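This briefing covers aromatic ring contacts and the charges placed over rings. Please keep the sequence and the model at hand while reading.

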Amino acid sequence: MTDRAPSADHDRSADLRARWARSLAAARAGTTDAPDPLPYADNLLARWAEPQRRYHTTDHLIAVLDHIDTLAPHAADPDLVRLAAWFHDAVYLPDRSENEERSARLAERGLPEAGLSPASTAEVARLVRLTVTHAPAGDDTNGQVLCDADLAILAAPPEPYAAYTAAVREEYGFVPEDAFRAGRAAVLRQLLELPRLFHTPYGEREWETRARANLEAELAQLTS
């Protein structure tokens, strides 16, 4: 994690709050008397800043949102995908296995109150649950964009990829080294066995090859 000046943190928070407000306003188009979107943003930002997080932090949220902006032309409804990004790790405890489900339920509770329609709320919750498997259907363009954006870190250059793996290890600091290495290696093998890591044309073209090289190198390091 990087130390930042208070003014930089304020600017980041202001930018994120504005991005949330734009996405929510677009997703609830036509809704009248909708509540102020900013308290919802502040609640989510507080969740993303919880102390147990090392990788699943606000930096990860920003990265996913930025990748969604890149992939937006491939999505049927990019603003719902952006809202799903806000919620997809809103509940995160590294020693729990139900984080995605609890995050989806948080969306199902909060978004109707924030002025989103039942259908749009259901789509956001569906997308959040999809991040359990990262296996969207061939015609699920919203799911493809969210999953690609979430996994884009796998295609990072060497230094950011090393920082990512170090942060993941910190999040699982309660796991003994041998058990962590075995578990992480199993995850990497499962990813490498997938026919494709990325599902959008952009992701497949720009990220697939580099991501596989990163995963293979990390697996070799873990099992050496």
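Is Phe198 buried or exposed? Phe198 is buried, with a relative accessible area of 0%; buried means under 20% relative accessible area, exposed over 50%, and partly exposed in between (1.4 Å probe, protein chains only).

This is a predicted model, in which local features need pLDDT of at least 70 and side-chain atom pairs count only at pLDDT 80 or more, while totals for chains, interfaces and linings use all residues. Residues are numbered from 1 along each chain as its sequence is written, and side-chain values use heavy atoms, with hydrogens and water left out.

**Aromatic pairs**

- The structure contains eight aromatic pairs; rings of Phe, Tyr and Trp (its six-membered ring) pair if their centres lie within 6.5 Å, and planes under 30 degrees apart count as stacked, over 60 as edge-to-face and the rest as tilted.
- Tyr172 and Phe180 form a tilted pair, because their ring centres are 6.4 Å apart and their planes are at 40 degrees.
- Phe198 and Trp207 make an edge-to-face pair, with 5.5 Å centre to centre and 65 degrees between the planes.
- Trp20, Trp86 and Phe87 are linked into a cluster by ring pairs.

**Accessibility of paired residues**

- Tyr172 has 27% relative accessibility and therefore counts as partly exposed.
- Phe180 counts as buried, at 11% relative accessibility.
- Trp207 is also buried, at 8% relative accessibility.

**Charges over rings**

- Arg169 lies over the face of Phe180, at 4.3 Å from the ring centre; a charge sits over a ring if NZ of Lys or CZ of Arg is within 6 Å of the ring centre and within 35 degrees of the ring normal.
- Arg53 lies over the face of Trp48, at 5.2 Å from the ring centre.
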